[in-house]
Structures are given as structure tokens and as C-alpha cells.
Amino acid sequence: MVGEWIERGDLWKDKVRSLQLLLRDRFRVAVDRHRHRPSFSDGYFSSTLQRWLRRFRSFRTDSLPSTTSSFCRRRVGKDVGAEEESVITRMLQALAVPILGNVCHVFMHGLNCVQIYGAEKLHQALLNRPDNQPLVTVSNHVASMDDPLVIASLLPPSILLDAHRLRWTLCATDRCFRNPVTSAFFRSVKVLPVSRGDGIYQKGMDMAISKLNNGGWVHIFPEGSRSRDGGRTMSSVKRGVGRLILDADNIPLVVPFVHIGMQDIMPIGAKIPRIGKTVCS
């Protein structure tokens, strides 16, 4: 009986050794059988597991702007970018945001056909959430005028008249902030500048988190850019939306939605929105 167990043990050792050599030849992984691993039993599998864990930790450390292996969480105050918002800018926001919102609402519902499903969830989040709870909405990005056209179509005119309740959003500096005139306009309609390629720890993202820390509403397109195939597919989600949720002082209420049809109103290359189209959201 003992001899049979010894033979079986030798057989399993031979199989493990064969598998070891096969994996080493396939993946070109050197086998370390001499270093002691206190957290695992000795052998090929323990050394390989330790080696892959070290590689995973190194990957996380290299991919994040931090010297630690954990996600870099950066605290943001409530007054980031406040020096750029003068009294005149706030007065313009109180005037321009309701006007633009209602014009877009009339355009979408009067000159186009809009089919909305579940808009009451967004209305409830806007009107009934606690004062200190921020709101983040995320959606797919199809056309250059998804915001403000789609946002305005989802809200009743009574909410669109209250500029303080309405969303902040982000736009690339090379599109919306090319010169002082366009910069002043987009700031007056609650648009924050972000620079392509500067990562998720830039000032524009800090400003968006600051708005959340004040209990505000931030709308973001997690793809970071428009769809290249007319909205048939979505691109990969960027990490910016994750930072908005993680770094806010209070956990935001997140309301996602999707829309289709904006590619017909604002096709790629169009300068003026078209009428007589149907948008579903």
C-alpha cells in the first residue's frame, strides 16, 4: 500500500515537472525553486504566482500617477476655479443658460420628434435629492450638439428656467475655448475646459469635482469624444468619469441614459442642425 502511494506521488511529480517545462517553454518564464515563499507552499506554482503578483503590482504602480500601488485619490476643495467666475460671469450664466435651454427645448420638441422613456428618473434626481448630494449623468456621444440639445429635450421648461439647478459639462479647449469670444460664451453656459492628453488630474477635472462638492450636477460623455460610426457602437469608457465619482466628497447619484438619432440632426461635418428628425432617449 505504501509502495503504491509512493509510485503515485512520483507519477504526479513527473506530471508537474512536465507541465513546468511546458509552461516555461511556452511563456519563457524562468522557474525559481530556491527562494522560500512564506505565504505559499514551495514549488513551481507558488513561485509563478508570486512572480505574477509582483508584475501586477508593478503594472498598477506604473499606470497611476502615484508611488503607491493603490488608486490615487486627490481631495478637491469647493472653490477650485472660483477666481475665474466673476460676478459678471455668474450674471451671464443666470441669463444665458435658461435662454439657451428653452430655445433648444423648443427646437427639439417643436421642429423635431423626441421620444423619451424614463425621464421621470432624471427629474426626480434633480428635484428630490438632498442638497449636499451631487449628481452625475453619463450618456453616449453621437453629435457635436448632444449637449445642449438632448439635455434640454429631457427637461421641462420650468426646470430649464433655473440656471442654478442645471448641469455643468466639460468640453475640449481646442473645440470650445479657441479664443476669448468662444471662451466667454461657453463659460456663460456652464462649460468647463479640459485639455486633451493632460490626463484625469488636470485643472478642468478638479473644477468639475469642485462643482460636485457643492452639490451640483455634472454631465459627462465617458467616451471622451464623438462616435465615429454614427452612434452604432460606443467607444471604450475613459477613466475621467471614475475620478468624478471617487474623488467627490459625497458619493454622487449617477443617472445614465442613452440616445439615438442625433446623428441625423447633426451629421459629421454639418454646421447647422437639421429639422424633421426623430430622437429617442
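This is a predicted model: local features need pLDDT of at least 70, side-chain atom pairs count only at pLDDT 80 or more; totals for chains, interfaces and linings use all residues.
Colleague: Where does lysine 190 sit, in terms of helix 8 and strand 4?
Modeller: Lysine 190 is in the loop between helix 8 and strand 4, residues 191-194.

Colleague: Is lysine 190 buried or exposed?
Modeller: Lysine 190 is buried, because its relative accessible area is 3% and buried means under 20%.

Colleague: Other end of the helix, then. Which residue caps the N-terminal end of helix 8?
Modeller: Asparagine 179 does that for helix 8, which spans residues 180-188. A side-chain oxygen of asparagine 179 is 3.1 Å from the backbone nitrogen of valine 181.

Colleague: Salt bridges now. How many does the structure hold?
Modeller: There are seven salt bridges in the structure. One of them pairs arginine 75 with aspartate 249, with the closest N and O atoms 3.6 Å apart. This pair links distant parts of the chain, 174 residues apart. Arginine 75 is in the loop between helix 2 (44-63) and helix 3, while aspartate 249 is in the loop between helix 10 (240-247) and strand 6 (253-257).

Colleague: What about arginine 165 and aspartate 162?
Modeller: Their side chains meet in a salt bridge at 3.2 Å, N to O. Arginine 165 counts as partly exposed at 34% relative accessibility, and aspartate 162 is partly exposed too, at 28%.

Colleague: Different topic. Which residues form the positive surface patch?
Modeller: Arg175, Arg178, Arg228 and Lys271 form it. Lysine 271 is in the loop between helix 11 (262-265) and strand 7 (278-280), and it counts as exposed because its relative accessibility is 77%.

Colleague: And the nonpolar patch on the surface, which residues form that?
Modeller: Leu95, Ile99 and Val103, with about 290 Å² of accessible area together. Valine 103 is in helix 3, residues 87-110. At 52% relative accessibility, valine 103 counts as exposed, since the cut-off for exposed is over 50%.

Colleague: Backbone again. Where is the cis peptide bond between aspartate 147 and proline 148, and what is omega?
Modeller: Omega is about 25 degrees for the cis bond that joins aspartate 147 and proline 148. Proline 148 lies in helix 5, residues 146-154.

Colleague: Last one: where is serine 281, and is it buried or exposed?
Modeller: Serine 281 is in the segment after strand 7. It counts as buried because its relative accessibility is 12%. The C-alpha atoms of serine 281 and glycine 261 are separated by 8.8 Å, with the two residues 20 residues apart along the chain.

Note on methods
Residues are numbered from 1 along each chain as its sequence is written. Side-chain values use heavy atoms; hydrogens and water are left out. Patches are made of residues with over 30% relative accessible area and no salt bridge: like charges are joined within 9 Å, nonpolar side chains (Val, Leu, Ile, Met, Phe, Trp, Tyr) within 5 Å. Accessible areas come from the Shrake-Rupley method with a 1.4 Å probe; for residues, only the protein chains shown count as cover. A salt bridge is a side-chain nitrogen of Lys or Arg within 4 Å of a carboxyl oxygen of Asp or Glu. Lys and Arg count as positive and Asp and Glu as negative; His and the chain ends are not counted. The place of a charge is taken as NZ of Lys, CZ of Arg, CG of Asp or CD of Glu. Helices (H or I, at least four residues) and strands (E, at least two) are DSSP runs, numbered from the N terminus. Buried means under 20% relative accessible area, exposed over 50%, partly exposed in between (1.4 Å probe, protein chains only). A polar contact is a pair of N or O atoms within 3.5 Å; within protein, one must be able to donate a hydrogen and the other to accept it, and residues adjacent in sequence count only if both atoms are side-chain atoms.
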